[in-house]
Amino acid sequence: MNKKIINNAISAYFWLGGLLLIPSKKENINHPFVKKHAKTALFIHLLMFVNYLIFITFSFLWGISVFNFYLNHVSAAVLFLWLFWWLLYGAYKASIGDDFSIKEMSDMTKTSSIIQIKSSSLNEQGILTIILSLIPFIGFVLKGKFYNYKSPIIENNIKINTLISIIISLVFVWWYENIWFLFLLLYLIFIWFYSLLLIGKQNIISFHLTKVPTFEEGSLLIFAFIQYIKNYFWNGVFLSMKDIIQNKKNNQNTINEQDKTFLESLKDEKINKAIAYIPYVNILSLIDINSKNRNHIINGLSITLLSILFFILWRVEYHIFLLFLIFFWIGYGKKREYRFPFLFSLSYWLIWIFEKIFSGSKKAIQLQKETKEVSFEIETWENRSDKEINSEK
C-alpha cells in the first residue's frame, strides 16, 4: 500500500479524523483505507469530548472525594487513558496496513455480546409494547403486566430503562440541571431512533442483561449473602451460595402462594386500593388492613414513611424516587400478593408493632374497666353489709 495512504490513516488518530472525512480530490486522502480509520478515530475523539463534558464540565461527581482524590477526576483520567490506548492501537493497525473499525472495537470490548440487532415480525401491539418498555416510568408499569409472560426483550428493556432512569434521577437530585437534561435528551433521542428502526425495518435492538439483577433479585441476593456469612461463622451447616439462593427462591415462591391464598380468604376492601399508594392519604387505608388489599396497604405505607424521612433529612428532591415505587405498583396492582423488595418487611414490622401497642392499649383499658366494676361491686357489698349490721342492732 502507498506509504502516503498509510501516513494519512495514522494521522487520523492525532485529531485529524474529522478533516480527513471531508471530500477531497486527492487519492491519498479519499482512499477507503484512510476513510475507515478516520471514522474510527473521530468516534474515539468524540468519546473523549463526551468524557470531558460528563466528568469535568458538568460532572455530578464534583466535590466527592476518597482519600483526597476527586471521583470525577479519577473517572475522567481512567476513561481518557483507556480511549488514548485505543488511539495508539488504531495508529498501530494503520501503520501495518490493517483496518480498524468501530465494530472491531465493540467486538474486542465484548459490547457485541451485550447489544445485538435482530430482525423480527412483530405486530403493532408488540412494537408499541417494546417502545413503551423503554420510556421512563411508563415502562415500569409493564413489569407487572407481563410478569408471567417472561419476555427477555421486555425484561432487558425495563432493566435498561430502570438503570438510566436511576442515573438521571440521581443527577437531578444533586441539582446538576444541565447534565441530567443532557442525559434525558440523549436517551429520548435513542428511543426515537429505535422506534424508527423498529417500525420502519422491523429490527429489534436486543440487550443481553440477564446478569443484571432486578429489584426482587437484588433483594434475594442480599438476604442470601447475609445467610451465607451467617452459616459460615455461626451455623454448623455450610451451604453454597447457589443452594442458598435457590432455597430463598423456593421460600419466596411458597410465601407468595400462601399470601395469595390467605389474602383471598379475607374480606373485600372498603376503600379504593389506589388510595394505598397516595402518600399520607394512604394512612386512611389502615381501616382495610385486614382486607384482601393488605399487602398493597403495607407497600403504600412504606412510601409515606420514606416521604417523612425525606422531609426530616431536608431532602425534598428525593421524592422523585417514590415515583419508581408508584409506577411499579400500577403494573402489579392486580397481584394482591405483591411486596416491595426491602421496604415491605420494614413497613410490615412497624405495622405489627403498632397493632401490638394498639391491642395492648385496648386490653389495658378493658382491664381497667373490669377493675373498676369489681371495685364498685365490692364497695356496694360492703355498704350493704354495714346497713344490715345497723338494722340488726
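How much space lies in the largest cavity?

**Entry 1. The model.** I note that this is a predicted model, in which local features need pLDDT of at least 70 and side-chain atom pairs count only at pLDDT 80 or more, while totals for chains, interfaces and linings use all residues. Residues are numbered from 1 along each chain as its sequence is written, and side-chain values use heavy atoms, with hydrogens and water left out.

**Entry 2. The cavity.** The largest cavity holds about 30 Å³ of space. A cavity here is a set of points, on a 1 Å grid over the protein atoms alone, where a 1.4 Å probe fits but cannot get out; lining residues have an atom within 4 Å of a point. Grid points are joined across faces, edges and corners, and the volume is the space filled by probe spheres set on the points.

I then listed the lining: L142, K143, F146, S151, I154, E155 and I158. Two or more of these residues come from each of α7 (138–145) and α8 (152–173), and α8 gives the largest share, 3 residues. Helices are DSSP runs (H or I, at least four residues), numbered from the N terminus. By class, I record 4 nonpolar, 1 polar and 2 charged residues in the lining. Ala, Val, Leu, Ile, Met, Phe, Trp, Tyr, Cys and Pro count as nonpolar, Asp, Glu, Lys and Arg as charged, and the others, Gly among them, as polar.

**Entry 3. α7 with α8.** I turned next to how these two helices pack. Their axes come within 9 Å and cross at roughly 140°. Axes are lines fitted to C-alpha atoms over the stretch in contact, and angles run from 0 to 180 degrees between N-to-C directions. α7 and α8 are therefore oblique to each other, a word for angles that are not under 35 degrees (roughly parallel), over 145 (roughly antiparallel) or 65 to 115 (roughly perpendicular). The contact (heavy atoms within 4.5 Å) joins G139, F140, L142 and K143 of α7 to E155, I158, N161, T162 and S165 of α8. I sort its residues into 3 nonpolar, 4 polar and 2 charged.

**Entry 4. α7 with α13.** I found α7 packed also against helix α13 (residues 322–332), at an angle of about 40° and with the axes 6 Å apart. On the α7 side I list F140, V141, K143, G144 and K145, which meet F324, F327, F328, I330, G331 and Y332 in α13. This contact has 7 nonpolar, 2 polar and 2 charged residues.

**Entry 5. α10 with α11.** Lastly I looked up helix α10 (residues 215–233) and helix α11 (residues 241–264), whose axes come within 9 Å and cross at roughly 125°. α10 and α11 are therefore oblique to each other. The residues in contact include L220, F223 and Y228 of α10 and M241, I244 and K248 of α11. I count 9 nonpolar, 2 polar and 2 charged residues there.

Notes
On a 1 Å grid over the protein atoms alone, a cavity is a set of points where a 1.4 Å probe fits but cannot get out, and a pocket is an open set with protein on both sides within 12 Å along at least five of seven lines; lining residues have an atom within 4 Å of a point.
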